[in-house]
Amino acid sequence: MIENPHGKRRILENKAVTNRKKGAEKLRPEDITQIQPQKLSLTLRSGEPQSFDLKFKRAEDYPIDLYYLMDLSYSMKDDLENVKNLGTSLMLEMSKITSDFRIGFGSFVEKTVMPYISTTPAKLLNPCTGDQNCTSPFSYKNVLKLTSDGKRFNTLVGQQQISGNLDSPEGGFDAIMQVAVCGDQIGWRNVTRLLVFSTDAGFHFAGDGKLGGIVLPNDGKCHLENNMYTMSHYYDYPSIAHLVQKLSDNNIQTIFAVTGEFQPVYQELKNLIPKSAVGILSDNSSNVINLIIDAYNSLSSEVILENSKLPEGVSIAYTARCKNGVVSEGENGRKCSNISIGDEVTFSISVTSKGCPKQGKPETIKIKPLGFTEEVEITLHFICECECHKDGVNSSQLCHFGNGTYECGACKCNEGRVGRQCECSSNDVATEDMDRTCRKDNGTDICSNNGDCVCGTCECKKRDNPEERYSGQYCECDNFNCDRSGNKLCGGHGRCECRVCICDPMWTGSACDCSLDNSTCLASNKQICNGRGTCECGTCKCTDPKFQGPTCETCPTCPGVCTEHKECVQCRAFGTGEKKDTCERDCSYFNLIKVKGRDKLPQPNDAIYPVMHCKERDANDCWFYYTYAVNNNTEKEVHVVDTLECPSGPDIIPIVAGVVAGIVLIGLALLLIWKLLMIIHDRREFAKFEKEKMNAKWDTQENPIYKSPINQFQNPNYGRK
């Protein structure tokens, strides 16, 4: 007898989402429904998911509470003047969105200890310099709880005065924490809650309090007395994670209205706080209304689901079906964007348990859209035992004379008894004699180190994953240590039994990774591996080393198909070629079909099987055309054009005329070249003669060989005395 219980889903509360137009009958906030269903019960069996659809519809004319939290340090003096008229102006703008709007106001400066402020008596009374009149510094003050009276907002804000501090970062986190947790003093309703945080400076966070000697972590509780935060000197600033938790718990959506200088800092902070927005505030806050409207539209156009802490072993998965058919899964399955008022989106939520959490006791989880007070409450029941446990027989004789309860075909032993039939006392289970029967082949390992020897019988260990288990007389088997392929046990094509893969049909191998399906080995000609190899595990192993590729059809070093069949086509079609004498013996492997012209050959686009077109030339320089193919019956077909294309003989007259004309032209060219060279030579000789003529410059009136006939002698003694 086998019991196979399955999980189930039961919806306990399923109130339809509200369909209401602005101006219709006014409803209380608790009567407006934006999420469906509201309550359900899931019965979970380990590993079996249970799914349900969650519908969200953004209601029209939904009430809004807005709390304006403002930095009143001295640098915000001009901003305060513009905020004084914010109440009535914002009321007027928000009336276009909702008819039920309330507004409140709070302010903050800094912790009232050194070194954040000056603690001299004069500075405690007036922290500003010169003749400026400022109020005493404070940490956080709730000036006006949420009200629908915009004029009262203007009046009370108009009475506020600027204060001052020493350092640049402000104590805004203390104020945000108090606004979040002091719901009664602030006046929050279960509606859309907006917190506008306005500042022109950075912020202190957890750990900065040590500068002032404050080491106690923020307790996250309300400490307002007479609307003033009284424990700023006692508790440190809250951490960002602490703020995120409290803002989420209280469904508060935050709008950071900051100056451009600090916009990057608060943008990073916004990334850490879900359902928050950042707007750039002008130097005097004149654009604060437009900033709030834009930020509200941005926040309300996106819905993000979050769930409470899940019990151990329980997981949850989201699939979002947003506007325009957009479907998102995984982490993006939690949210939908660009939602307008009246739009409806659906989330498919799947809950799965692993094992039996908390001994099968019911658990409750909650799912809600961030920034909204409505939520879905889900009660989880776990199937941990079969129904037959209810019919167990106490002190059954089948359990060794009543030493246990017989249920579901097995004994559940009483305290102090062990064994399959409760036949042993727990005091005797560790004896050597009993251990001997738990050793396989008289080895040293008890129960193969995968179990405990209980009363001479191996009780195998349990695995964290309930799908994994040890088995066998000595716990020597398991279903998770088989060979893997592709990081999958037994390749995903079999089951693991005693560390051996039992493969599914059409699969084999130690890891079931060898397919017996030959379809992946079929070549384009429908042959297994193109007739050039064998199919092993769904992959071709080419036996001809010249061929390669997934189906042995690629042959980079082979002569082409056309060259391979040229001689046979030539001999069968025209009775010529090298094989004309052995044509009948060597070339009968294909069917020859003659056609009249090249246009009659099969074309690749018309054939239902691959066709190779060939153009070859014979010994007489004549061309012949044919196609080669393997039809669907694996028969080789050759279509050949029955006429050869031979080149025509040469025309003699043009050749002779061309040769004669060439000789004449070459002769004329040579004569012209010779004549040109002679002219150049004559001109050079004439120039040389002219040069030598110019060098001969003797006197033409005197004979160069004339000698005078007169000789003159002188007596050497002439003139002596």
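A charge counts as sitting over a ring if NZ of Lys or CZ of Arg is within 6 Å of the ring centre and within 35 degrees of the ring normal. Select R463 and F480 to see a case: the charged end of R463 sits over the F480 ring, 4.0 Å from its centre. Now jump to R572, which lies over the face of F590 at 4.7 Å from the ring centre.

A quick note before moving on: this is a predicted model, where local features need pLDDT of at least 70, side-chain atom pairs count only at pLDDT 80 or more, and totals for chains, interfaces and linings use all residues. Residues are numbered from 1 along each chain as its sequence is written, and side-chain values use heavy atoms, with hydrogens and water left out.

Next, ring against ring. Rings of Phe, Tyr and Trp (its six-membered ring) pair if their centres lie within 6.5 Å; planes under 30 degrees apart are stacked, over 60 edge-to-face, and the rest tilted. Searching the whole structure turns up 17 aromatic pairs.

Pick F105 and F153: they pair edge-to-face, 5.7 Å centre to centre with 85 degrees between the planes. F105 lies in strand β6 (residues 101–108) and F153 in helix α4 (residues 150–158), so this pair ties together parts 48 residues apart in sequence. (Helices are DSSP runs of H or I, at least four residues; strands are runs of E, at least two; both are numbered from the N terminus.)

Then select F108 and F197, a stacked pair at 5.1 Å centre to centre and 10 degrees between the planes. With F108 in strand β6 and F197 in strand β8 (residues 192–199), the pair ties together parts that are 89 residues apart in sequence.
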